[in-house]
Amino acid sequence: MAVPRRRNTSSQVKVALLVCTVTFFAMGIFAYICFRGLELWFSTTMSFQNTQVYLLSDDNFDKFLDNAERDVLITFYAPWCPYCRGLKPELIKFAEQERSRVFCAAVDVTQSESLASRYHIESLPTIMWFHRDDKEHPVIFEKKRRDITGLVAFMKENM
(Lines give C-alpha, C1' and ligand atoms only; values in the text may rest on other atoms or scores of the structure.)
Protein backbone atom coordinates (compact mmCIF):
# COMPACT_ATOMS: atom_id res chain seq x y z
CA MET A 1 0.00 0.00 0.00
CA ALA A 2 1.39 3.34 -1.03
CA VAL A 3 1.47 6.17 1.43
CA PRO A 4 0.07 9.37 -0.04
CA ARG A 5 2.66 11.96 -0.55
CA ARG A 6 2.34 14.95 1.70
CA ARG A 7 2.04 18.28 -0.09
CA ASN A 8 3.66 21.47 1.05
CA THR A 9 0.50 23.14 2.44
CA SER A 10 2.21 26.10 4.09
CA SER A 11 3.18 27.58 0.71
CA GLN A 12 -0.36 27.05 -0.58
CA VAL A 13 -1.77 28.85 2.44
CA LYS A 14 0.64 31.73 1.90
CA VAL A 15 -0.40 32.03 -1.74
CA ALA A 16 -4.08 31.91 -0.81
CA LEU A 17 -3.58 34.60 1.83
CA LEU A 18 -1.70 36.76 -0.65
CA VAL A 19 -4.46 36.38 -3.26
CA CYS A 20 -7.14 37.25 -0.67
CA THR A 21 -5.18 40.27 0.54
CA VAL A 22 -4.64 41.61 -2.98
CA THR A 23 -8.29 41.01 -3.88
CA PHE A 24 -9.51 42.76 -0.73
CA PHE A 25 -7.18 45.71 -1.38
CA ALA A 26 -8.33 45.95 -5.02
CA MET A 27 -11.99 45.87 -3.96
CA GLY A 28 -11.33 48.69 -1.50
CA ILE A 29 -9.71 50.82 -4.18
CA PHE A 30 -12.58 50.06 -6.57
CA ALA A 31 -15.18 51.01 -3.94
CA TYR A 32 -13.36 54.25 -3.16
CA ILE A 33 -13.16 55.19 -6.83
CA CYS A 34 -16.85 54.41 -7.33
CA PHE A 35 -17.84 56.44 -4.26
CA ARG A 36 -15.74 59.44 -5.30
CA GLY A 37 -17.07 59.18 -8.84
CA LEU A 38 -20.68 59.15 -7.64
CA GLU A 39 -20.00 62.02 -5.26
CA LEU A 40 -18.47 64.05 -8.08
CA TRP A 41 -21.30 63.12 -10.46
CA PHE A 42 -23.99 64.15 -7.97
CA SER A 43 -22.23 67.38 -7.07
CA THR A 44 -21.91 68.50 -10.68
CA THR A 45 -25.25 67.17 -11.88
CA MET A 46 -27.33 69.73 -10.02
CA SER A 47 -24.95 72.67 -10.13
CA PHE A 48 -26.62 75.93 -11.07
CA GLN A 49 -23.43 77.99 -11.30
CA ASN A 50 -23.25 80.45 -14.19
CA THR A 51 -27.00 80.26 -14.80
CA GLN A 52 -29.96 82.55 -14.06
CA VAL A 53 -31.14 80.13 -11.34
CA TYR A 54 -30.40 81.36 -7.82
CA LEU A 55 -29.40 78.71 -5.30
CA LEU A 56 -31.19 79.28 -1.99
CA SER A 57 -30.66 77.76 1.45
CA ASP A 58 -31.88 78.20 5.01
CA ASP A 59 -29.53 81.18 5.37
CA ASN A 60 -30.64 83.29 2.41
CA PHE A 61 -34.17 82.09 1.56
CA ASP A 62 -36.24 84.62 3.52
CA LYS A 63 -33.98 87.54 2.65
CA PHE A 64 -34.13 86.64 -1.04
CA LEU A 65 -37.95 86.50 -1.00
CA ASP A 66 -38.23 89.75 0.96
CA ASN A 67 -35.97 91.62 -1.48
CA ALA A 68 -37.41 90.16 -4.69
CA GLU A 69 -39.15 92.81 -6.77
CA ARG A 70 -40.68 90.18 -9.05
CA ASP A 71 -42.52 86.91 -8.62
CA VAL A 72 -40.29 83.95 -7.79
CA LEU A 73 -40.46 80.38 -9.09
CA ILE A 74 -38.70 78.05 -6.65
CA THR A 75 -37.88 74.42 -7.27
CA PHE A 76 -37.23 72.14 -4.30
CA TYR A 77 -34.92 69.33 -5.43
CA ALA A 78 -32.47 66.69 -4.26
CA PRO A 79 -29.21 65.90 -6.10
CA TRP A 80 -29.92 62.16 -6.11
CA CYS A 81 -33.41 62.53 -7.66
CA PRO A 82 -33.52 61.50 -11.36
CA TYR A 83 -36.65 63.60 -11.98
CA CYS A 84 -34.91 66.64 -10.53
CA ARG A 85 -31.90 66.08 -12.78
CA GLY A 86 -34.28 65.81 -15.75
CA LEU A 87 -35.94 69.10 -14.81
CA LYS A 88 -32.67 70.99 -14.45
CA PRO A 89 -32.09 71.88 -18.15
CA GLU A 90 -35.72 72.96 -18.53
CA LEU A 91 -35.45 75.11 -15.42
CA ILE A 92 -32.30 76.76 -16.73
CA LYS A 93 -33.96 77.45 -20.11
CA PHE A 94 -37.01 78.90 -18.36
CA ALA A 95 -34.86 81.12 -16.13
CA GLU A 96 -32.91 82.38 -19.12
CA GLN A 97 -36.02 83.01 -21.23
CA GLU A 98 -38.12 84.70 -18.51
CA ARG A 99 -35.41 86.49 -16.51
CA SER A 100 -36.96 89.90 -17.11
CA ARG A 101 -40.34 88.86 -15.66
CA VAL A 102 -39.60 86.35 -12.89
CA PHE A 103 -36.80 85.19 -10.63
CA CYS A 104 -36.03 81.51 -10.75
CA ALA A 105 -34.46 79.76 -7.76
CA ALA A 106 -33.71 76.27 -6.46
CA VAL A 107 -33.47 74.78 -2.96
CA ASP A 108 -31.54 71.59 -2.23
CA VAL A 109 -33.74 69.84 0.36
CA THR A 110 -30.85 67.66 1.52
CA GLN A 111 -29.02 70.81 2.64
CA SER A 112 -32.09 72.83 3.74
CA GLU A 113 -34.27 70.39 5.64
CA SER A 114 -36.02 73.10 7.64
CA LEU A 115 -37.30 74.72 4.42
CA ALA A 116 -38.51 71.35 3.20
CA SER A 117 -40.49 70.80 6.38
CA ARG A 118 -41.71 74.40 6.47
CA TYR A 119 -43.26 74.08 3.00
CA HIS A 120 -44.31 70.43 3.50
CA ILE A 121 -42.26 69.06 0.61
CA GLU A 122 -43.42 65.49 0.11
CA SER A 123 -42.31 64.73 -3.44
CA LEU A 124 -39.45 65.84 -5.63
CA PRO A 125 -39.12 68.02 -7.53
CA THR A 126 -41.68 70.39 -6.05
CA ILE A 127 -42.17 73.67 -7.88
CA MET A 128 -43.77 76.66 -6.15
CA TRP A 129 -44.76 80.12 -7.31
CA PHE A 130 -44.28 82.95 -4.82
CA HIS A 131 -46.18 86.16 -5.71
CA ARG A 132 -44.27 89.35 -5.02
CA ASP A 133 -47.26 90.71 -3.06
CA ASP A 134 -48.12 87.54 -1.12
CA LYS A 135 -45.07 85.43 -0.38
CA GLU A 136 -46.70 83.58 2.53
CA HIS A 137 -49.05 81.54 0.32
CA PRO A 138 -47.17 79.97 -2.60
CA VAL A 139 -48.95 78.20 -5.45
CA ILE A 140 -47.83 74.61 -6.06
CA PHE A 141 -47.13 73.44 -9.61
CA GLU A 142 -49.37 70.38 -10.07
CA LYS A 143 -49.26 69.82 -13.81
CA LYS A 144 -47.73 66.72 -15.31
CA ARG A 145 -45.75 68.57 -17.97
CA ARG A 146 -42.46 69.63 -16.36
CA ASP A 147 -40.77 71.23 -19.31
CA ILE A 148 -40.35 74.78 -20.54
CA THR A 149 -43.86 74.84 -22.04
CA GLY A 150 -45.44 73.72 -18.75
CA LEU A 151 -43.36 76.19 -16.75
CA VAL A 152 -44.32 79.09 -19.02
CA ALA A 153 -48.01 78.11 -18.82
CA PHE A 154 -47.74 77.94 -15.03
CA MET A 155 -46.13 81.38 -14.99
CA LYS A 156 -48.88 82.89 -17.17
CA GLU A 157 -51.59 81.41 -14.94
CA ASN A 158 -50.08 82.94 -11.83
CA MET A 159 -48.88 86.38 -12.93
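A nonpolar core is here a set of buried Ala, Val, Leu, Ile, Met, Phe, Trp, Tyr and Cys residues joined through side-chain atoms within 4.5 Å. In this predicted model, the largest such core has 41 residues. The protein has 159 residues, of which 36% count as buried. Its secondary structure comes to five helices and five strands.

**Overall layout**

- From the N terminus on, the order of elements is α-β-α-β-α-β-α-β-β-α.
- Contacts between residues at least 6 apart in sequence join residues at least 24 apart in 77% of cases.
- The accessible surface is about 10900 Å², and carbon and sulfur atoms account for 57% of that area.

**The largest nonpolar core**

- Two or more residues each come from strand E1 (53-56), helix H2 (61-67), E2, H3, E3, helix H4 (113-118), E4 and H5.
- The element that gives the most to this core is E3, with six residues.
- In soluble globular proteins, nonpolar side chains tend to be buried together.
- Leaving out residues up to four places away in sequence, Leu-73 touches Leu-91, Phe-94, Val-102, Phe-103, Cys-104, Ala-105, Ile-127, Met-128, Trp-129, Leu-151 and Phe-154.

**Helix H5 and its cover**

- The buried residues of H5 are Ile-148, Gly-150, Leu-151, Val-152, Phe-154, Met-155 and Asn-158.
- Cover for these buried residues includes strand E2 (71-77), helix H3 (82-97), strand E3 (102-108), strand E4 (126-130) and strand E5 (139-140).

**Val-152**

- Val-152 lies in helix H5 and has a relative accessible area of 13%. Val-152 counts as buried because this value is under the 20% cut-off.
- Beyond residues up to four places away in sequence, the contacts of Val-152 are Phe-94, Gln-97 and Glu-98.
- Glu-98 is 54 residues from Val-152 along the chain, and the C-alpha atoms of the two are separated by 8.4 Å.

**Asn-158**

- Asn-158 is in helix H5, which covers residues 148-158.
- With a relative accessible area of 11%, Asn-158 is buried.
- A polar atom of the Asn-158 side chain lies 2.8 Å from the backbone oxygen of Phe-154.
- Apart from neighbours within four places in sequence, Asn-158 is in contact with Asp-71, Trp-129, His-131 and Val-139.

**Backbone features in loops**

- The peptide bond from Leu-124 to Pro-125 is cis, with omega near -10 degrees. Pro-125 is in the loop between H4 and E4.
- His-120 is also placed in the loop between H4 and E4. His-120 is not a glycine, yet has a positive phi of about 55 degrees. The relative accessible area of His-120 is 61%, so this residue is exposed under the over 50% criterion.
- Asn-50 is in the loop between helix H1 (9-45) and E1. Asn-50 has a positive phi of about 60 degrees although it is not a glycine. At a relative accessible area of 82%, Asn-50 is exposed.

Notes. Residues are numbered from 1 along each chain as its sequence is written. This is a predicted model: local features need pLDDT of at least 70, side-chain atom pairs count only at pLDDT 80 or more; totals for chains, interfaces and linings use all residues. Side-chain values use heavy atoms; hydrogens and water are left out. Helices (H or I, at least four residues) and strands (E, at least two) are DSSP runs, numbered from the N terminus. Buried means under 20% relative accessible area, exposed over 50%, partly exposed in between (1.4 Å probe, protein chains only). A polar contact is a pair of N or O atoms within 3.5 Å; within protein, one must be able to donate a hydrogen and the other to accept it, and residues adjacent in sequence count only if both atoms are side-chain atoms. Contact means heavy atoms within 4.5 Å. Accessible areas come from the Shrake-Rupley method with a 1.4 Å probe; for residues, only the protein chains shown count as cover.
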